[in-house]
Amino acid sequence: MRVILYTGKGGVGKTTVAAATAVRCAARGQRTLVISTDAAHSLGDSLDREIDEVPTAVAPNLWAQEVNALHEMESHWDGIHRYLSTLFASQGVDDIIAEELSSPPGMEEVASLMQIRNHKASGEYDVLVVDCAPTGETLQLLAFPDVARWYLKRIFPVERTIMRVARPVVQPFVSLPLPSDEIFGHVKNLLLDLESMKSILGDPATCTVRLVLNLEKMVLKEAQRAFTYLSLYDYLTDLVVVNRVLPPEVTDAYFASWRESQSRYNETVEAAFDPIPIRRTKLFNHEIVGLDRLEEMAEALFADEDPAQIYHHVVPQKLRKVKDHYELLLQLPFVTKDEVDVTHRDGELFITVGAYKREISLPRVLNGKKIRTAKLDEGTLRITFTGSTS
């Protein structure tokens, strides 16, 4: 199943672009599901159809779904949620507040993304188009599986073993309920679900991310940051969609400064995202609502192309041997060397860019090697491994 994730700053039109992509894929005979994981659902409004929390038939070969985050939370978080509610309540926290505190920020969106795994397992669709939450929330969600993998391998087994031994001794002397082995089982299942989701989202042969932006300074800056962090976590960005470009026929003097601004930022887009393909769609003189209008946008974006194709195939991370040493190349566009920090332990590499940190599990060929140099040059972090750590 081909998976296409659309994200961008709120208000740039990513829902419309995602829906237009799905309409065109379905028209080409591909069984297509467009799904919204954004809490502020507007997919149904874009399609001009009533959409349910389960896939709803919209047109031939086309289904749509607005995920019910609360329902997904119950499926993936219920046991842990009940324990945390009990824990907070035991400490005198008001019941309503305890209920709210027991749902960590971002978990609703994470549970929503679990639907991707479920749909892939079902085999019912050829293409899954995902209308994601605005950029910042999406990046946090895509980082979750990496965090889960680290916790599952490093911390979870130790915590579970200690608690299994200590619980009978400690529980009589403390006023709060200690997590049972059943709770640890729920945690493990959640982490395994997240890790399996990473295997889907992190496979560049089937899953890519597409950035939607407008020709405005704040929007463009956020798109550049998003591209940096997507590269950091090994997600393949295969297309940039520039939405609401003033068409040539708009010559009114009222729009002169706007056109000049768009022209300036258009040059920035070209320079910033090259060689990733860029598609543009004009600012239409009518709303893009309903299947016919969405097909009109799809025609402007893709002409006679297959929107489900992968437009760019460069994976942002590569390891190669050069003479007597190894080089790890990591694409980190739009950052300066002062913003990047590299930490190395045998078998692990930690890359920090701003507030985002990623652990990279190194291949066994680098066991016993140490970092000789780490240089950032034109958006590529080049890390050289050589010699022995002794």
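Predicted model: local features only at pLDDT ≥ 70, side-chain atom pairs only at ≥ 80, totals over all residues.

Reader: How do strands pair?
Author: Strands of a sheet pair through backbone hydrogen bonds, either parallel or antiparallel. Strands (E, at least two residues) and helices (H or I, at least four) are DSSP runs, numbered from the N terminus. Two strands count as paired if DSSP finds at least two bridges between them. Take S2 (residues 32-36) and S4: they run parallel, joined by five bridges. Ser36 stands opposite Glu66 in S4.

Reader: In which sense do S3 and S4 pair?
Author: Antiparallel, over three bridges. Ala59 faces Leu62 there, standing opposite it.

Reader: Why is S4 largely enclosed by the rest of the structure?
Author: Buried means under 20% relative accessible area, exposed over 50%, and partly exposed in between (1.4 Å probe, protein chains only). Four of the five residues of S4 (residues 62-66) are buried, so the rest of the structure largely encloses this strand.

Reader: What is the order of strands in the open sheet of four?
Author: The order is S9-S10-S15-S14, with antiparallel pairing. S9 (317-322) and S14 (370-377) stand at the edges with a single partner strand each, so one side of each has no neighbour in the sheet. S14 and S15 (residues 380-386) are joined by seven bridges. Lys370 stands opposite Thr386 in S15.

Reader: How do I check a helix's length?
Author: The expected span is 1.5 Å times one less than the number of residues. Helix H9 (residues 256-273) has 18 residues and should span 26 Å; its end C-alpha atoms are 26 Å apart, which agrees.

Reader: Which residues of H9 are buried?
Author: Ser261, Gln262, Tyr265, Val269, Ala272 and Phe273. Seen down the helix axis, they fall within an arc of 100°, so they line one face of H9. The arc is that of the directions from the helix axis to the C-beta atoms. The face turned away carries exposed Glu260, Glu267 and Ala271.

Reader: And which residues of H10 are buried?
Author: In H10 they are Leu291, Leu294, Met297, Ala298, Leu301 and Phe302. They fall within an arc of 120° down the axis, so they too line one face of their helix.

Terms used
Residues numbered from 1 in each chain as written. Heavy atoms only, no water.
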